[in-house]
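Let's take a walk through a protein together, one feature at a time. Have the chain in view and follow along.

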Amino acid sequence: AAAKPILLYDHPDDHRCEFYGVIVWRSGDTFLALIHIYDANFEISRIGGGNQYAIVDIQLATSRDLLHWERLGNRQPVIARGAPDAFDSHMIFYHSSPLTVGDEWWVYYVGFNEGHAARSVYDETMRQQYHADVKAGRRHFQKIGLAKVRRDGYISRDAGPEGGTLSTRLLQPGASHLELNAVVAEGGALTVEVQDEQGRPLPGFAATDCTLVTGDSLRHQVRWGDRRGDDGWRERPVRLRFHLRDAALYGFAFVERDT
């Protein structure tokens with residue numbers, strides 16, 4: 001529906017979605033995937049040709065075992081098509097896996113300002129106009145784009161001014177210190193409680209012991225008073241319970257030392 005103003009052809013009976021391609025990489029203890037979402041708008045056979053006229057954007061999915069997958073973010077594009085007059089207004093294809101550059105992930109992709117198989121249904125007038133537009137620099141065959149996002153920042157768990165909590169499953173930390181990738185708005189707060197297998201706070205590591213996490217960082221160093229953690233976490237299962245207010249939590253990691 002959002003793409004209707006830019007569609008060359010459109011027929012509601014032909015609308016469908018396909019997975020056209022995917023790039024997968026590991027992030028922490030999960031696998032992430034950028035999926036080409038191929039939204040068909042029109043069967044070209046209706047006017048004597050083959051193939052489908054379609055638009056393409058990119059969505060995010062995750063898996064823990066490479067067998068069972070879940071699409072994230074309410075299936076909204078994480079690399080969205082551009083404005084109607086942009087180079088990537090109709091399709092985003094052939095993207096790279098994220099490249100870590102400082103505190104960002106960079107993704108290179110190819111953008112198209114016409115739909116899938118569009119030129120196969122041009123009449124002579126449209127074909128002449130297309131070549132005139134290319135010659136005048138108003139259109140192109142394809143161009144390279146660059147999308148940027150904070151590192152591990154495709155999706156977050158957010159809490160507003162009313163606050164909220166988030167509990168993990170049991171974890172095997174393997175390290176003694178905890179770091180957070182989080183944004184805490186001015187006046188907001190984030191604390192972490194470390195619990196045992198029964199959900200009881202470990203002595204000295206309750207939420208009330210935690211120093212408030214504030215500000216924006218990929219590597220907030222969580223402290224409970226003057227303690228950064230406990231060597232005993234390496235070998236025992238624990239559960240984390242996050243308390244957030246006006247904050248966004250992107251991820252966390254257990255580390256052996258301050259980084």
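Predicted model: local features only at pLDDT ≥ 70, side-chain atom pairs only at ≥ 80, totals over all residues.

Residues are numbered from 1 along each chain as its sequence is written, and side-chain values use heavy atoms, with hydrogens and water left out.

Helices (H or I, at least four residues) and strands (E, at least two) are DSSP runs, numbered from the N terminus. A pocket is found on a 1 Å grid over the protein atoms alone: it is an open set of points where a 1.4 Å probe fits, with protein on both sides within 12 Å along at least five of seven lines, and its lining residues have an atom within 4 Å of a point. Rolling a probe the size of a water molecule over the atoms shows where empty space is left.

Back to that second largest pocket. About 320 Å³ of space lies in it, a volume being the space filled by probe spheres set on the grid points, which are joined across faces, edges and corners. Its lining has 21 residues, and Ile6, His90, Asn113, Tyr122 and Arg139 sit nearest the centre. Sorted by type, the lining gives 11 nonpolar, 5 polar and 5 charged residues. Here Ala, Val, Leu, Ile, Met, Phe, Trp, Tyr, Cys and Pro count as nonpolar, Asp, Glu, Lys and Arg as charged, and the others, Gly among them, as polar.

Now for the largest pocket, with a volume of about 1600 Å³. Of the 46 residues that line it, Asp29, Thr30, Tyr250, Gly251 and Phe252 are the closest to its centre. Which element supplies the largest share of this lining? That's strand 13, with 8 residues. Several other strands supply at least two residues each, including strand 2 (30–43), strand 3 (52–63) and strand 11 (177–195). The lining of the largest pocket divides into 19 nonpolar, 17 polar and 10 charged residues.

Asp29 pairs with Arg64, and their closest N and O atoms are 3.4 Å apart. Asp29 lies in the loop between strand 1 and strand 2, and Arg64 in the loop between strand 3 and strand 4, so this pair ties together parts that are 35 residues apart in sequence. How open are these two? Asp29 has 43% relative accessibility, so it counts as partly exposed, while Arg64 is exposed because its relative accessible area is 52%. (Buried means under 20% relative accessible area, exposed over 50%, and partly exposed in between, with a 1.4 Å probe and protein chains only.)

Next, find Glu43 and Arg16, whose closest N and O atoms are 2.6 Å apart in another salt bridge. Glu43 lies in strand 2 and Arg16 in strand 1 (residues 16–27), so the link joins parts that are 27 residues apart in sequence. Arg16 is partly exposed, at 32% relative accessibility.

Arg119 and Glu114 make a salt bridge too, at 2.5 Å from N to O. Arg119 is partly exposed at 34%, whereas Glu114 is buried, with a relative accessible area of 7%. Salt bridges can also share partners: Arg16, Glu18 and Glu43 are joined into one network that way.

Let's finish with the backbone. Most residues other than glycine have a negative phi. Leu66, although not a glycine, has a positive phi of about 70°. You'll find Leu66 in the loop between strand 3 and strand 4, where it counts as partly exposed at 44% relative accessibility. Asp246 is not a glycine either, and has a positive phi of about 50°. Asp246 lies in strand 13 and, at 27% relative accessibility, counts as partly exposed.

How values were computed: Salt bridge = Lys/Arg side-chain N within 4 Å of Asp/Glu carboxyl O.
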